[in-house]
Amino acid sequence: MQLGALSDEDLLVEWRQRNGLERDAVVNELFSRHYERVARWCMRLTGDRDRAADLAQEVFLKAHRYLDSFRGTSRFSTWLYTIVRNESMTKVRRAGPPMDPDDALAELATLDPGPHELAERELKGTRLREFLAATLDPLELNVFVLHYGDELPLDAITRLLRLENASGAKAYIVSAKRKLAKAAEDLRTRGEAL
Amino acid sequence: MSDGNRRELLERTIGATPDCIPAERLGEPPTDGERAHLAACPRCRTELALWQEYEQSIPSAEDGAAVQWIAAETARRLAPQPSRGPRALGWLRWPQLAAGMAALLLAAAVGYTVWDPEPRVQPHQDAAAVYRTGRVQLLAPTGDVTAPPRVLEWSVFTGAASYDVNVLEVDRTPLWQGSAREPRIDLPPAIVALFVPGKTVTWEVTARDAAGAAIGESGPRQFRVSPGR
């Protein structure tokens with residue numbers, strides 16, 4: 001049987017049915033289809049060839065260890081991506097605090113209901129998310145979420161999203177903060193609340 | 001703003017919600033509901049952008065050579081050896097190393113026996129206090145469930161004074177840990193919110209005696225909120 005002619009999902013069926021060297025050959029074929037994509041992601045995230053190779057190795061070792069738990073409810077590439085994403089975010093997460101954390105969140109905090117309005121919290125959360133999504137352009141939003149939410153360093157975000165401007169992700173954070181401040185001020189001027 | 005307040009505000013504005021699109025669905029065409037959700041959800045828009053970067057991007061000229069090297073290096077490190085697992089585990093098969101390890105273990109065992117001979121048989125030990133490590137039986141949730149579970153339940157394990165509970169991603173990235181004295185535990189809402197439709201979650205329980213020693217383990221069990229709810 002030509003393994004190269006099988007889809008990822010069909011290879012997994014073969015993998016479950018085979019033993020020994022044949023099983024190794026199937027998993028080798030399956031993983032080799034994804035080496036380059038994972039390598040590219042790891043290089044972008046780490047910015048260093050050797051660290052990227054270590055990260056890619058960990059990703060595939062983890063995938064190999066848990067291959068049996070893949071239930072076929074999604075594409076194999078998506079399943080592998082969840083491992084790539086989780087493993088790499090954990091490894092690259094920044095050690096220090098984010099850029100001006102209080103400054104960036106101050107405007108959002110003024111729109112937040114506060115701990116005494118528990119009943120409205122979920123609704124306010126939805127409105128805050130909508131406010132953020134409507135105020136920032138797509139790239140600013142992605143940089144904001146990755147930096148403050150996933151705690152990625154700015155240089156990793158710059159490489160990951162292939163930002164080609166001179167100051168990379170930092171410029172998008174500065175711009176996002178300015179827009180959030182202005183949008184919050186406009187809301188207050190109109191006497192509106194989230 | 002304190003760290004706790006900052007974290008809570010971030011969770012509420014850019015954290016995952018029960019309506020968020022599970023990672024397993026990112027490669028599929030969005031439904032109408034998912035499209036509407038995407039328009040207003042910073043988290044899902046970012047996750048989709050990342051997925052697209054992963055799936056579709058072409059390497060730039062400057063990182064092309066490095067990517068080729070990393071891919072080749074990964075292939076080299078993981079290449080299966082004849083009747084071996086991945087190369088990262090291949091040292092276990094090297095005859096010289098295996099022989100060396102065996103000699104080392106033998107020397108250590110002989111040394112240990114001389115240094116610390118077999119202990120005397122104790123005169124009496126209360127049989128009720130002796131437990132073998134056994135299986136904790138998980139009751140619910142398992143398999144496909146119709147709604148995000150708020151409680152995890154398992155059978156009473158004889159001799160257990162407490163239970164440690166781990167909730168994990170399918171790749172065993174930890175999501176939450178808890179401890180209970182009863183064979184059930186309530187999950188915090190922030191964790192329940194992570195159980196989005198289509199997402200497979202693993203959980204496991206370790207039974208501990210009064211001294212904190214592990215006396216039983218469940219092994220991993222998975223559940224998933226049905227995507228079609």
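Predicted model: local features only at pLDDT ≥ 70, side-chain atom pairs only at ≥ 80, totals over all residues.
Me: Which element gives the most to the side of chain B that touches chain A?
Reply: Good one to check on the model. The elements of chain B that give two or more residues to this side are α1 (3-14), α2 (32-40), α3 (42-56), α4 (61-78) and β10 (221-225). With 12 residues, the one that gives the most is α4(B).

Me: What is the area buried between chain B and chain A?
Reply: The contact takes 58 residues from chain B and 67 residues from chain A. Carbon and sulfur atoms give 60% of the buried area, which is about 6000 Å².

Me: Which residue of chain A forms a salt bridge with B:Arg43?
Reply: Across the interface of chain B and chain A, the rule finds 8 salt bridges. In the one formed by B:Arg43, the closest N and O atoms are 3.0 Å apart, and the partner is A:Asp150.

Me: Why is B:Cys20 too far from the closest cysteine sulfur for a bond?
Reply: A disulfide needs two cysteine sulfur atoms within 2.5 Å, and the structure holds 0 disulfides over all chains. B:Cys41 is in no disulfide either, its nearest cysteine sulfur, that of B:Cys20, being 3.7 Å away. For B:Cys20, the closest cysteine sulfur is in B:Cys44, and the distance is too far for a bond because it is 3.6 Å.

How values were computed: Residues numbered from 1 in each chain as written. Chains lettered and ligands numbered in written order. Heavy atoms only, no water. Contact = heavy atoms within 4.5 Å. Buried area = accessible area lost by both parts, 1.4 Å probe. Salt bridge = Lys/Arg side-chain N within 4 Å of Asp/Glu carboxyl O. Helix = DSSP H or I, 4+ residues; strand = E, 2+ residues; numbered from the N terminus.
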